Amino acid sequence: MSLPALLDEIAACRACAGELPHAPRPVVFVRPQVRLLICGQAPGRRVHESGLPFTDASGDRLRQWMGIDAETFYGRPEIGVAAMAFCFPGTNPKGGDYPPPPRCAQLWRPRLLERLPKVELTLLVGGYAQAWTLGDKTKANMTQTVRAWREYAPAFLPLPHPSWRNTGWLKRNPWFEAEVTPYLRQRVREILCG
């Protein structure tokens, strides 16, 4: 099956329809030329509404970390986004969104990754993406996994979620913007410049 055919199948997916508080709207943003794949948790409410990944403040911060603007982020076919779950899981009344349902990654992720053979770097945004991708190579928590980023390079780069909820984390961990962000920007430049 070709990548376009698989993306059509993903767009039609209703596997979690009875479990979501809204109609499913899978959001995946990849093209055959993807060399840098961004793997986050799941779309948020704004992304669910727009149908385009990272169309929110988290996307602004992620693009800042990457050293690129929105036009480059969405316009360059070398950059793609495929979260752990493709549909917005809903908002938890206790705060934040619900975690990504594991079913989505199990159904689609291996098939999608097989059709993206040019990926050189995968950004693992948040603990769910890190746990699924790195398995037993993850550390005791997300902070330790991100701190050990050199162990996963050059194929993977674990990142905290760029949500405003992590502003405190960024202040407590200044090494992230001092060490990881420059490396990320360099890799993005290399990928985009060929």
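1. Leu121, Leu123 and Val125 point one way from strand β3, while Thr122 and Leu124 point the other way, and all are buried (buried means under 20% relative accessible area with a 1.4 Å probe, protein chains only). In a regular strand, side chains alternate between the two faces of the sheet. Strand β3 covers residues 121–125, and five of its five residues are buried. Strands here are DSSP runs of E with at least two residues, and helices are runs of H or I with at least four, numbered from the N terminus.

2. A word on the source: this is a predicted model, where local features need pLDDT of at least 70, side-chain atom pairs count only at pLDDT 80 or more, and totals for chains, interfaces and linings use all residues. Residues are numbered from 1 along each chain as its sequence is written, and side-chain values use heavy atoms, leaving out hydrogens and water.

3. Which strands pair with β3? Strand β1 (residues 36–39) runs parallel to β3 and is joined to it by four bridges; Leu36 has Leu121 as its bridge partner. Strand β4 (residues 156–159) also pairs with β3 in the parallel sense, over four bridges, and Leu123 has Leu157 as its partner there. Pairing requires at least two DSSP bridges between two strands.

4. Stepping back, the protein chain has nine helices and four strands, in the order α-β-α-α-α-β-α-β-α-α-β-α-α along the sequence.

5. Of the 194 residues of the protein chain, 48% count as buried. The C-alpha trace spans about 45 × 40 × 35 Å along its principal axes.

Notes. Buried < 20%, exposed > 50% of the residue type's maximum accessible area, 1.4 Å probe, protein only.
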